[in-house]
Amino acid sequence: MVKKVPIGPFHPILEEPEFFELHVDGERVVDIDITIGWSHRGIELLSERKTWDQVPFLVERVCGICSCSHPYAYVKAVEDLLGIEVPLRAQFLRAIVAELERLHSHLLWTGLAGHFIGYNTVFMWTWKYREPVLDVLEATTGNRNHYAMLKVGGVRRDIPQEEIPNVLKMLDELERNNDLLTKAILDDPVIHARTVGVGIFDKEQCRLYGALGPTARAAGYDIDSRRDHPIDAYDKVEFNVILRENGDVFDKAVVRQLENFESIKIIRQCLKAIEDTEPGDIAVEVGEIPPGEGIGVYEAPRGEVLHYIRSNGKNMPMRLKIRAPSFNNILTNEVSVPGNTVADAGLITAAVDPCYSCTERVGVLDTSSGERRVLTEADLIRLSVEKTERIRKELEGTER
Amino acid sequence: MEREEVKKRIAEKFGEKVKVAERSPRRIYVYAENDIWVDLADFVFNELDARFDTGAAVDDREGVEVMFFFPFDREHYYLTIKTFAKKPNPELDSISNIIPGAKWIEREIFEMYEVFFRNHPDLRPVLRADTRPKDFYPAKREVKDEHVPPRRRDDGDERADEVEGKPPAGQNP
């Protein structure tokens with residue numbers, strides 16, 4: 001007998017409202033219906049009433065975590081229309097902030113994933129390691145999030161030369177801690193049992209669904225906009241694109257952990273570059289924006305962000321289209337969730353690192369009897385934690 | 001696939017039905033007529049092996065310009081396919097049956113601009129609240145032109161008008 005299990009629109013561990021209706025046969029999910037739009041704010045329409053210089057402040061509020069990626073794609077779209085290059089120092093400054101953002105975003109996800117499978121130690125340690133990254137962002141840009149760093153033609157403020165040693169020190173510590181964390185994840189048999197082979201989304205499906213970011217690279221879909229559509233400093237630094245093959249939750253976690261090392265590598269190169277350039281020239285003067293259109297892309301922590309702008313020569317955009325990576329990545333759940341258990345469904349939907357809300361409410365509806373019961377956040381997490389405990393005991397039994 | 005080769009193969013296959021414009025070395029725009037729109041997307045995605053990214057729409061007085069972005073990642077450029085759905089009843093064939101990733105963006109364009117995608121598997125609105133009227137398409141130019149933002153607050157405090165720098169109605173110099 002098939003039952004429907006609605007998850008959401010408010011859901012544990014996820015940062016924004018979303019609604020999943022799971023069609024389950026026993027514990028097994030057979031189908032899923034996804035409804036988005038619970039926090040639709042009309043940012044695209046709002047941007048048509050802001051000046052070109054105000055829009056970066058608006059689009060960095062598309063996502064609290066990706067608050068450098070969206071302005072980055074926007075300013076690149078305008079610069080694409082204008083056909084201008086920004087000063088070298090500004091290019092490296094942009095990359096530093098963007099990569100610091102990737103570090104704290106990936107660490108945030110790893111912590112949440114640990115919490116959801118019942119590994120609260122992973123959650124607490126990971127967020128402890130994340131904190132110095134936010135401190136550095138505050139010291140260099142003025143804010144932990146919403147940095148207001150980028151503008152059309154360059155950046156709004158410089159990073160003082162005397163701040164560079166502090167950033168380097170933080171990177172050294174983070175590299176050690178991230179190494180520790182990565183090894184712990186790679187070696188833990190319970191994490192293996194909970195995540196390997198769970199929520200598989202393969203390479204061909206990534207192509208068909210337009211999935212990107214760690215979700216796609218975990219399946220071997222070799223796309224990274226930083227390398228494929230290089231902007232600013234990204235063709236002046238060396239880094240590797242991390243790929244795995246299986247496309248399951250485990251590989252998505254591993255890709256994020258290993259990408260942290262690449263981000264550290266990029267930031268070090270950029271810091272070296274700004275040490276070698278004279279402070280001062282961080283933006284070019286931008287006059288009127290002529291009629292035309294432009295496309296800007298940047299690889300956000302969750303996948304590619306695309307901004308398309310259309311100008312009619314006035315002081316505001318005539319149209320701004322935003323492609324947020326979660327828009328395509330969340331759609332992948334209609335393939336990756338069916339076939340798995342309810343206890344794994346939350347983990348799989350979280351594995352694409354979507355933007356959701358933290359207010360929790362889950363209803364279980366028996367379609368044959370009409371019986372409805374509401375599960376709390378604790379219930380859903382309990383289901384997941386019980387499964388982890390069961391696996392841990394089974395593994396301990398095997399070892400003995 | 002290199003851009004010159006892509007342009008040549010599109011021109012060979014679709015001839016007069018397409019027009020190609022290049023804004024910069026990394027941006028190609030292809031304007032297609034409605035009847036070959038899906039075939040062109042299929043050709044670019046499956047034959048030329050481009051990646052599907054997303055879509056967008058821009059409202060005009062005469063119709064809605066609908067576009068889909070197809071990057072060629074190894075060659076570092078974006079190809080954008082555009083077509084024009086004429087008003088008063090803008091309609092296009094859906095590409096979702098060829099590219100499942102286009103399902104949601106077509107639903108979004110429908111609910112914002114009232115562009116009806118024929119043969120779409122499930123053209124329910126994707127973003128708006130259930131309580132919003134069914135025939136309300138917020139991004140349509142006609143709707144935006146008619147919508148006058150309220151200037152006064154509900155509490156009867158008319159100083160809000162002064163704060164905005166506009167004198168009350170009837171007192172314009």
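Me: What should I know before I start?

Reply: Residues are numbered from 1 along each chain as its sequence is written, and chains are lettered from A, ligands numbered from 1, in the order in which they are written. As this is a predicted model, local features need pLDDT of at least 70 and side-chain atom pairs count only at pLDDT 80 or more, while totals for chains, interfaces and linings use all residues; side-chain values use heavy atoms, with hydrogens and water left out.

Me: What are the confidence values for the complex and for chain B?

Reply: pLDDT is the predictor's confidence in each residue, from 0 to 100. Where it is low, the predicted coordinates should not be read in detail. Chain B has a mean pLDDT of 85, with 84% of its residues at 70 or more. For the complex, the predictor gives an ipTM of 0.85 and a pTM of 0.87.

Me: How do I read a sheet, and what is the order of the one with E6, E7 and E8 in chain A?

Reply: Strands of a sheet pair through backbone hydrogen bonds, either parallel or antiparallel. Here strands (E, at least two residues) and helices (H or I, at least four) are DSSP runs numbered from the N terminus, and two strands pair if DSSP finds at least two bridges between them. This open sheet runs E6-E7-E8 in chain A, with antiparallel pairing. Strand E6 (292-300) and strand E8 (319-323) of chain A are the edges, each pairing on one side only. Neighbouring strands are turned by 10° against each other on average, direction ignored; axes are lines fitted to C-alpha atoms, for helices over the stretch in contact, with angles from 0 to 180 degrees between N-to-C directions. Nine bridges join E6(A) to E7 (residues 303-311) of chain A, and Gly296(A) stands opposite His307(A) in E7(A).

Me: Which helix lies across those strands?

Reply: Helix H3 (residues 69-82) of chain A does, running at about 150° to E6(A). Look at Tyr74(A): beyond its neighbours within four places in sequence, its contacts (heavy atoms within 4.5 Å) include His307(A), Ile309(A) and Leu320(A).

Me: How do I read a nonpolar core?

Reply: It's a set of buried Ala, Val, Leu, Ile, Met, Phe, Trp, Tyr and Cys residues joined through side-chain atoms within 4.5 Å. Buried means under 20% relative accessible area, exposed over 50%, partly exposed in between (1.4 Å probe, protein chains only). The largest core has 147 residues, and Tyr74(A), Tyr234(A), Ile10(B), Val44(B) and Phe70(B) touch the most other members. Helix H4 (residues 88-116) of chain A gives the largest share, 13 residues. A second, separate core of ten residues includes Leu306(A), Tyr308(A), Tyr29(B) and Phe69(B).

Me: How many helices and strands does chain B have?

Reply: Five helices and seven strands. Buried residues make up 50% of its 173 residues. In helix H2 (residues 37-47) of chain B, the buried residues include Trp37(B), Leu40(B) and Val44(B). Just after H2(B), Asp49(B) takes a positive phi of about 65°.

Me: Why is strand E3 of chain B largely enclosed?

Reply: Five of the five residues of E3 (residues 55-59) of chain B are buried, so the rest of the structure largely encloses this strand. Gly55(B), Ala57(B) and Asp59(B) point one way, Ala56(B) and Val58(B) the other. E3(B) pairs antiparallel with strand E4 (residues 63-72) of chain B over five bridges, and a hairpin joins them through three residues. Gly55(B) stands opposite Phe68(B) in E4(B).
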